[in-house]
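Me: I'd like to go through the labels on this structure one by one. Show it first, please.
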Amino acid sequence: MSTQQMNPETSDPRVAAPGVPPDEAGTHEPADLRDASIDEGGATAALNPVATTVAAFLATAGAGWVVGGVFASGFARLTALAGALIGAALVVLSYRTRRPGTVQLLVVPAALVAGALLVWSDADGDLGELPGFVVEALRSGGLSTPPVPFDPGWRIVVVVLAAALVASAASLAIGSARPRLAVAVPLVVVVGGMLVHPDRGETVTALVALVLVLAGLAVSYGVQLGREGAGSSRFELRRLARGGTVVLVLVVGLAGLSQVGFLFPATGDDQVIPPRRPGVPPAQESRVLFTVKEPKGSDHVWRTGVLDVYGTDENAWLTPPYDPDRFVDLPESGAVPRATASGGAAPAPTGETQQARVTVGDAGGRALPVTGAPVSVAGTPAEYDPRTQTFQATSRLAAGTSYTVASASVDPERLAQAPATLPGSEELAPFLEAPPVPPLVQQLLLGAPPATEGLHARLEWARTKLYENVVAQGAGRPVDVSPDRAQQIIAVKGTKATPYEITAADALLARWVGIPSRIGYGYYTAGQKPDQQGEIAIRPEHGATWLEAYYEGVGWVPVLKTATRTPPPEEAPKSERPGVTASEDRALLVYVPVRVQTVRLAYEVVGYWLLVTLPWVLGVLVVWMWYPAVLKVLRRGRRRRWAHARGYRERIAVAYADLRDVANDFGVGHPTQTPIQFLDAVQADPEHRELAWLVTRALWGDLARDARIDDAEAAEDLARSLRKRLARAQTPILRIFAGISRVSLRDPYTPEIPNLWWRRRPLRAAAAALRWPFGLLRGGFRRTATAGAAGVVVVGMFLFFAGGCTNVLVSGGPPDPERATEPRVPEKIQEFVLLRSPTAEQAYDDLARESLVTDGRVYEIYQGATRQALLQIAWLKSGIDDPDEAKRHMLAAIETGEFVFTRIGEERAYVKQLPDAKFVVWFSPGDRYYQMFVARKDLEMVDLERIVKGLLAFQRADRHQIVNVPDAPAQPDPLLGSAG
């Protein structure tokens, strides 16, 4: 053994024993090792778990106070404090048990139970609603737009996060013997919470959080002093009194400065969230948001919000500024106040009043859809925004909530008789702000009726020209609409635009005419048939935008108009199908796969290979992290075999070396400490003292020449017991870190026994030998390595972008005449009629050079007089380098979402269902050609599968699967070997 490491040294028997002292009999419970910790100097120290947890609780209370202020309810702060109290109580309780780590794992379940109790009434006792509450809260926009309604989902999130935060901070501080970590971890949340905190009340919030954090720091500092053995109870009281006085003076000073306005100037308008671009709503599955029961001939427009600010710098329509003080509580009668945003009197609604009953389904949130010019909204407590004429409930809307909306109809004659000029009004000025009128729009307005005949007539004439020119295409996602884009939509014949772009240009046109305007958004129910109860179901796909204009003496009025949809690929020939009317459903489009020549392909390829290699990378990472633990197990076995082959003295040395290596991995003690010195590094323990003296005597003392088997077995038993108790006393996280630690492998307690770790000297010698022949001395190796790495990066980037810009298609070939007739397509499948559309097939010819197919055929599928689907057949070019890659990109480029590989009848196909379309793609054996079915949303999936199965059965001559196909080929007779 190393003389330096094993030199015996007498030690003071009075060893510091933090934690639980030995009992009266002189024995010590094994669990007392859990309070042991070592500082850098090797002195014994331990943390007071109760005081450390109190420090973590105070700091977490400050974090909870800040985060709770983000919500619109004071109950949020109480919820955060309750969660912190739950976490702190369980942490204190855990350190009074033998397994603190196990008890601490119960913090999150206990917080979830508390959260469930908080939302029990909202869930009506159904625990299955809890995940839905959390998902709905997170989807509602997060904490980006405070104050946030404190919905049930947020109650669960806040109580769980507070409990987990205090538990993790306290456990980390106690486990690492650094009490100030109990304050540092929650301090990060305090800073982050202040960044999103609303301006209103931020001074008070900052002061309260400051007091709590400073109190936590004071307690943690006291824990540190106690750990170092300094101070007394009287000293602690004086220190806390001085600290409290300083905090009090600081708080009073900050409060005074905030009132003076020197440090915290009055925010004024800063309390209002400025206008911003509307967010793109996420894709939602079709579900009933709410149902409406209204009289016939109603407006069918249900408003949930407006965009009334046009940002000339952004060239986009923006949301109105959000000011919580602008909302007005509705009285119990539900009568809508006549006050406007500026405090003036709003025009009284005119016309006949109609009532509609709204029943909330799976909408969630607080927005109350209303229609027309609302007169009253009764049935649920609500708030009214005079600027936007929108309503919101005072709490989250539960499914089944019903309310009644009374609205006044608008007389078109009153719009036509509106004054030609509007009186100057500061309130209406923001709704007339617009960029200069573009030249083409100016030229267009020259032909409009003069303003003296009425602004409404002038606007309607201009809007008629707009809707005659534009063609609607695509989904109505919010995008920027510049004056040039609006000019193109308004004045250029045949311009294609999304419904949102058309509405945005329409609102700009109204302002250019001189009428205050804005964009209303919500749901449009025209064309929806009521059910047997007379109710209309509103779903996400019914979302829409429309123009709203302000007329003097009338108020804000929805002004509806429908743009012409993109024409279908081909209208059915009247001579072939008399009485057939082609559908204008935008889903019935022809999709032509083309070559990808953008860098986007490189990203997709890299993403694909990342997904392929990620499991292997994770596996290698796990092996790399955990192979030290395996080496330690193998090392222990090899050491035992080595010691048994040599003698009792070696067995004692190996047993003690294993204990010291485990302590080294936990950061307890130092390998250079002798067994007697190591007694001072941990809490006093009779078994440990007995082992230390046994090792000392057996290796250097009177038992060095007379060690017996009883001594070896006793040393092994004592070392094994101490090793287990030392590990059991640590937290689970520290056990994991110690298991994967390489400290004891790189720097073992003694190098005189097997270690299973390579030495660095041979590697250094090999590196030096390689440097000399290549002239890499004096830093040349480092410079060469840097240059080589840079070269690898440059070459990799070149290959990356070059690979992204290469074509999927390598070469092509001329069309095959046989492909004009194969595969065969019947004229009829059951009640569905298939008609070929040469006009739609022109798309394949127009994109022949970029296309991945040589030619294509398109068939329209009719059910009665309605076109329900398109069948598109195309032959892939023979020169495609990677058919699987081309097929994957082709499927990924068809609308949004992912295809599902499934079975339809006896065939495998790719299926995708979207809110407005259904897709089925079938590839032939060998991927020579594909057949794609594009169906309307109204066609049931069962009917589409019948069409697919009937067509494929016809093409493979399976008579048993073909129904009502008049020209089905004969089925071969398997007995005769010929057609029967």
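Me: Which residues have the most contacts inside the largest nonpolar core?
Reply: The model is predicted. Its largest nonpolar core has 38 residues, and W317, L466, I490, I502, L509, I519 and Y551 have the most contacts inside it. Two or more residues each come from α12, α13, α14, α15, β19 and β20. The largest share, 10 residues, comes from α15. Apart from this core lies another, of 32 residues, including V119, L130, A163 and V190.

Me: What makes a set of residues a nonpolar core?
Reply: The members must be buried residues of the nonpolar kinds, joined through side-chain atoms within 4.5 Å. In soluble globular proteins, nonpolar side chains tend to be buried together.

Me: Why is Q389 called buried?
Reply: Its relative accessible area is 14%. Buried means under 20%, so Q389 qualifies. Q389 sits in the loop between β12 and β13. Its phi is near 55°, a positive value in a residue other than glycine.

Me: L756 also draws a remark on phi. Why is L756 called partly exposed?
Reply: L756 has a relative accessible area of 28%. L756 is in the loop between α22 and α23. Its phi is positive, about 60°, although L756 is not a glycine.

Me: How do you know that Y524 counts as partly exposed?
Reply: Y524 has 32% relative accessibility. Buried needs under 20% and exposed needs over 50%, so Y524 is partly exposed. Y524 belongs to strand β17.

Me: What makes L614 accessible enough for the nonpolar patch?
Reply: L614 has a relative accessible area of 41%. A patch residue needs over 30%, so L614 passes that cut-off. L614 lies in helix α16, and α16 gives the most to the patch, with eight residues. α21 also supplies at least two. Among the other members are W624, W626 and F737, and together the patch has about 1,100 Å² of accessible area.

Technical notes:
Residues are numbered from 1 along each chain as its sequence is written. This is a predicted model: local features need pLDDT of at least 70, side-chain atom pairs count only at pLDDT 80 or more; totals for chains, interfaces and linings use all residues. Side-chain values use heavy atoms; hydrogens and water are left out. Buried means under 20% relative accessible area, exposed over 50%, partly exposed in between (1.4 Å probe, protein chains only). Helices (H or I, at least four residues) and strands (E, at least two) are DSSP runs, numbered from the N terminus. Patches are made of residues with over 30% relative accessible area and no salt bridge: like charges are joined within 9 Å, nonpolar side chains (Val, Leu, Ile, Met, Phe, Trp, Tyr) within 5 Å. Accessible areas come from the Shrake-Rupley method with a 1.4 Å probe; for residues, only the protein chains shown count as cover. A salt bridge is a side-chain nitrogen of Lys or Arg within 4 Å of a carboxyl oxygen of Asp or Glu.
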